[in-house]
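Let's take a friendly walk through a protein model. Have a look at the picture first, and then we will go through it piece by piece.

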Amino acid sequence: MADNWQTLISQDALEPGDVTPVPFGELVLAVYDTVNGIFVSDSRCTHAGANLCDGYFDGKHIECPLHQGLFDARTGQAKAAPVVRPLKMFKARVENGFVQIAPISK
Ligand code: FES
């Protein structure tokens, strides 16, 4: 099977227990070091586009810095107003110490 996973960042370069912004093409991805492992989403809030990497992260949830909307960083699910739409999540894994995401299908 073809291995098309794309490397984002070394796991050592992540903010331990926090969220780290990683440029990826035209996007900036948010890489979360959660209590359940590494998860990756688009860094833009689905409410008004604020940068979630500047928000408060508690190991499970990311709070938007602009209007304090809340997402589950492990699922992308919207958890508190004013956000209602889920985050765009990317399938992620850690391989040989590097965070990778699965190919993005359009
Ligand atoms: S931009 Fe994130 S809650 Fe408004």
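## A hairpin and its turn

Keep in mind that this is a predicted model. Start at N96, which takes a positive phi near 50° in the hairpin of β10 and β11. This hairpin has 2 residues between its strands.

## An open sheet

Now move to another part of the model. Here 4 strands form an open sheet in the order β5-β6-β7-β8, with antiparallel pairing. Which strands stand at the edges? They are β5 (56-57) and β8 (78-80), and because each has a single partner strand, one side of each is left without a neighbour in the sheet.

Let's zoom in on β5 and β6. These strands run antiparallel, and 2 bridges join them. Y56 finds its bridge partner in β6, namely E63.

## Meet I62

Strand β6 spans residues 61-63 and includes I62. Is I62 buried or exposed? It counts as buried, because it has 27 C-beta neighbours inside 10 Å, and the cut-off for a buried residue is 20 or more.

Who are its contacts? Leaving aside neighbours within four places in sequence, I62 is in contact with V19, Y32, L52, G55, F57, F71 and A73.

Key. Residues are numbered from 1 along each chain as its sequence is written. This is a predicted model: local features need pLDDT of at least 70, side-chain atom pairs count only at pLDDT 80 or more; totals for chains, interfaces and linings use all residues. A residue is buried if 20 or more other C-beta atoms lie within 10 Å of its own, exposed if 12 or fewer, and partly exposed in between; C-beta atoms are placed from the backbone. Two residues are in contact if their C-beta atoms, placed from the backbone, lie within 7 Å. Two strands pair if DSSP finds at least two bridges between them.
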